[in-house]
Amino acid sequence: MPKASVKRLIECNKNQLIELVLDIEKYPEFVPFCLASHSYERNIKGDLILIIVDLTIEKELFRVTIKSVL
């Protein structure tokens, strides 16, 4: 099965990294092959955050939208 891998060094502190990961609407700006993202629901319980999202990924001829729980 083909694989795709990209590595980047992100110089930031822990809180900045958490903000980056939780800013799902901006994924198409920096996540390779991500065309669109949309979050449907965010539930916060203490330190836990449950997020339901759709991510649209495209690579060459293939395009797929995946519903994911983060």
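A residue is called buried here when its relative accessible area is under 20%, exposed when it is over 50%, and partly exposed in between. Keep that in mind. What we have on screen is a predicted model.

Start with burial. The protein has 70 residues, and buried ones make up 16% of them. Now the surface. The accessible surface comes to about 6,200 Å². Carbon and sulfur atoms account for 58% of that area.

Next, the fold. How many helices and strands does the protein have? It has 2 helices and 3 strands. In what order do they run? From the N terminus on, the order is α-α-β-β-β. Along its principal axes, the C-alpha trace spans about 40 × 30 × 20 Å.

Charges next. There are 10 positive and 10 negative charges in the protein. Their mean positions lie 6 Å apart.

Where is Val31 found? Look at the loop between α2, residues 27–30, and β1, residues 34–45. Is Val31 buried or partly exposed? Its relative accessibility is 27%, so Val31 counts as partly exposed. The cut-off for buried is under 20%.

Last, a pair to find on the screen. Val31 and Ile57 are 26 residues apart along the chain. Their C-alpha atoms are separated by 9.5 Å.

To recap: the elements run α-α-β-β-β, buried residues make up 16% of the protein, and Val31 is in the loop between α2 and β1.

Conventions:
Residues numbered from 1 in each chain as written. Predicted model: local features only at pLDDT ≥ 70, side-chain atom pairs only at ≥ 80, totals over all residues. Heavy atoms only, no water. Helix = DSSP H or I, 4+ residues; strand = E, 2+ residues; numbered from the N terminus. Buried < 20%, exposed > 50% of the residue type's maximum accessible area, 1.4 Å probe, protein only. Areas by Shrake-Rupley, 256 points an atom, 1.4 Å probe, with all protein chains shown as cover. Lys, Arg positive; Asp, Glu negative; His and termini not counted. Charge placed at Lys NZ, Arg CZ, Asp CG, Glu CD.
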